[in-house]
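Notebook open, model loaded. I'm jotting down what I look up as I go, starting with the core.

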Amino acid sequence: MTASAPTPTPQADYGQATVTALSGLKLRNAPHTGGSTIVTMPYGATVAILGTEIGGFLPVRFGETEGYASASYLKRTDDAQATWPAATPRPTAEPTKVPQA
């Protein structure tokens, strides 16, 4: 039996960012302020951006831990002029027409 190569850690598809909140930034289990805090990331910490913004929060990886962090307190490190990846707009349903009597 031969040993297999370790599975590589997935790389961020959306770049990296740095925590700008002086008191640290909460990594949450859901993309809103009601989500439980997993860990508080220190000022200057680097995170990998894992997806698009959801209601002002970005899915990120801090070390080996994944969660959501407020986009307002993250600054892109890969391109200072870049904006956060935009969410794909969802189509809105057409209202059902009610026949007139």
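Core first. The largest nonpolar core has 14 residues, and V19, M41, V60 and L74 touch the most other members. A nonpolar core here is a set of buried Ala, Val, Leu, Ile, Met, Phe, Trp, Tyr and Cys residues joined through side-chain atoms within 4.5 Å; buried means under 20% relative accessible area, exposed over 50%, partly exposed in between (1.4 Å probe, protein chains only). I checked which elements give two or more residues to this core: β1 (16-19), β2, β4 (46-49) and β5 (57-62).

Ground rules, before I go on. This is a predicted model, so local features need pLDDT of at least 70 and side-chain atom pairs pLDDT 80 or more, while totals for chains, interfaces and linings use all residues. Numbering runs from 1 along each chain as its sequence is written, and side-chain values use heavy atoms, with hydrogens and water left out.

Next, V60. Skipping neighbours within four places in sequence, I find V60 in contact (heavy atoms within 4.5 Å) with L27, V47, A48, I49, L50, T65, E66, G67, A69 and L74.

Overall layout. I count zero helices and seven strands in the protein chain, in the pattern β-β-β-β-β-β-β. Strands (E, at least two residues) and helices (H or I, at least four) are DSSP runs, numbered from the N terminus. Of the 101 residues, 30% are buried. Among contacts with a separation of 6 or more, 51% are between residues 24 or more positions apart.

Then charges. How many salt bridges does the structure hold? I get one, taking a side-chain nitrogen of Lys or Arg within 4 Å of a carboxyl oxygen of Asp or Glu. R61 pairs with E66 in a salt bridge, with the closest N and O atoms 3.2 Å apart. R61 counts as buried because its relative accessibility is 12%, whereas E66 is partly exposed at 46%.

R28 lies in strand β2 (residues 25-28) and is buried, yet has no salt bridge; the nearest side chain of opposite charge, E53, is 14 Å away. What does the side chain of R28 reach? The backbone oxygen of G35, at 2.7 Å. Leaving out residues up to four places away in sequence, R28 touches T33, G35, S36, T37, I38, F57, G67 and Y68.

Last stop, S70, in strand β6 (residues 65-70). S70 is buried because its relative accessible area is 14%. With residues up to four places away in sequence not counted, S70 touches L25, G56 and F57.

Definitions and conventions: Lys, Arg positive; Asp, Glu negative; His and termini not counted. Polar contact = N/O pair within 3.5 Å; in protein donor to acceptor, adjacent residues only side chain to side chain.
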